[in-house]
Amino acid sequence: MRHVKALAIKFAITSIVLFSILTIFLTAGLGEIFFMSVLITGIAYVIGDLFILPRFGYFLAAIADFGLATISVWFLSTLFIGTGEFILIASLATGLSMTISESIFHIYMKEKVLNKQTYEIGYFRKLNQMQIEVAEEDDIHNLKPKSEDD
């Protein structure tokens, strides 16, 4: 249920940003914006929020959201809306707006949706916790107490 609520919030954010920017710069219809919102929400949720955010943190997740949103809007706009001079500007504006709004959403994701164990023991923190024990004994089953002569 937590993921469904998070997906609904992310879909609302994506739809509002896309509708706000694509109707200003491009002649996008409501159906095209809805379809693009569904695709971008699904891809960004799986890659950015479930994979990158718990492992690498807020900053890299925001950078990934910018790149993913910009490339996705540019690609889908050329497919559904057509080519034009404002597609790159609209894609960059959408990427920037999505990054700003997703930064707030990432706080919600870490606090309410993701398990604390998922992001407290991330990949890099796990590497720091590993230790190596070095001992003089070769065989632990044949241990003899050291004498004072040794």
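## Briefing: aromatic pairs and helix packing

Phe11 is partly exposed, its relative accessible area being 25% (buried means under 20% relative accessible area, exposed over 50% and partly exposed in between, with a 1.4 Å probe and protein chains only). The model is predicted, so local features need pLDDT of at least 70 and side-chain atom pairs count only at pLDDT 80 or more, while totals for chains, interfaces and linings use all residues. Residues are numbered from 1 along each chain as its sequence is written, and side-chain values use heavy atoms, with hydrogens and water left out.

**Overall architecture**

- The chain contains 6 helices and 0 strands (helices are DSSP runs of H or I with at least four residues, strands are runs of E with at least two, and both are numbered from the N terminus).
- Along the sequence, the pattern reads α-α-α-α-α-α.
- Of the 150 residues in the chain, 34% are buried.

**Aromatic pairs**

- The whole structure holds 3 aromatic pairs (rings of Phe, Tyr and Trp, the last by its six-membered ring, pair if their centres lie within 6.5 Å; planes under 30 degrees apart count as stacked, over 60 as edge-to-face and the rest as tilted).
- One of these is the edge-to-face pair of Phe11 and Phe34, with 5.7 Å from centre to centre and 85° between the planes.
- This pair links distant parts of the chain, since Phe11 belongs to helix H1 (residues 2-25) and Phe34 to helix H2 (residues 30-56), 23 residues apart.
- The pair of Phe105 and Tyr108 is tilted, because the ring centres are 6.1 Å apart and the planes stand at 35°.
- Phe105 and Tyr108 both lie in helix H4 (residues 87-113), where 3 residues, about one turn of the helix, separate them.
- Phe105 is buried, at 3% relative accessible area, whereas Tyr108 is partly exposed, at 22% relative accessibility.

**A charge over a ring**

- Lys110 places its charged end over the ring of Tyr58, 4.8 Å from the ring centre (this term requires NZ of Lys or CZ of Arg within 6 Å of the ring centre and within 35 degrees of the ring normal).

**Packing of H1 with H4**

- The axes of H1 and H4 come within 10 Å and cross at roughly 160° (axes are lines fitted to C-alpha atoms, for helices over the stretch in contact, and angles run from 0 to 180 degrees between N-to-C directions).
- H1 and H4 are therefore roughly antiparallel to each other (angles under 35 degrees count as roughly parallel, over 145 as roughly antiparallel, 65 to 115 as roughly perpendicular and the rest as oblique).
- The contact of H1 with H4 has 16 nonpolar, 5 polar and 5 charged residues (Ala, Val, Leu, Ile, Met, Phe, Trp, Tyr, Cys and Pro count as nonpolar, Asp, Glu, Lys and Arg as charged, and the others, Gly among them, as polar).

**Packing of H3 with H4**

- Helix H3 (residues 58-80) packs with H4 at an angle of about 140°, the axes being 7 Å apart.
- The crossing of H3 and H4 is right-handed, and the residues of this contact comprise 12 nonpolar, 9 polar and 3 charged.

**Two residues of H2**

- Leu50, in helix H2, is partly exposed at 32% relative accessibility.
- The C-alpha atoms of Leu50 and Met109 are separated by 9.0 Å, although the two residues are 59 residues apart along the chain.
- Ile52 also lies in helix H2 and is buried at 15% relative accessibility.
- From C-alpha to C-alpha, Ile52 and Ala62 are 9.4 Å apart in space, and they are 10 residues apart in sequence.

Definitions and conventions:
A crossing is left-handed if the near helix is turned anticlockwise from the far one by less than a right angle, and right-handed if clockwise.
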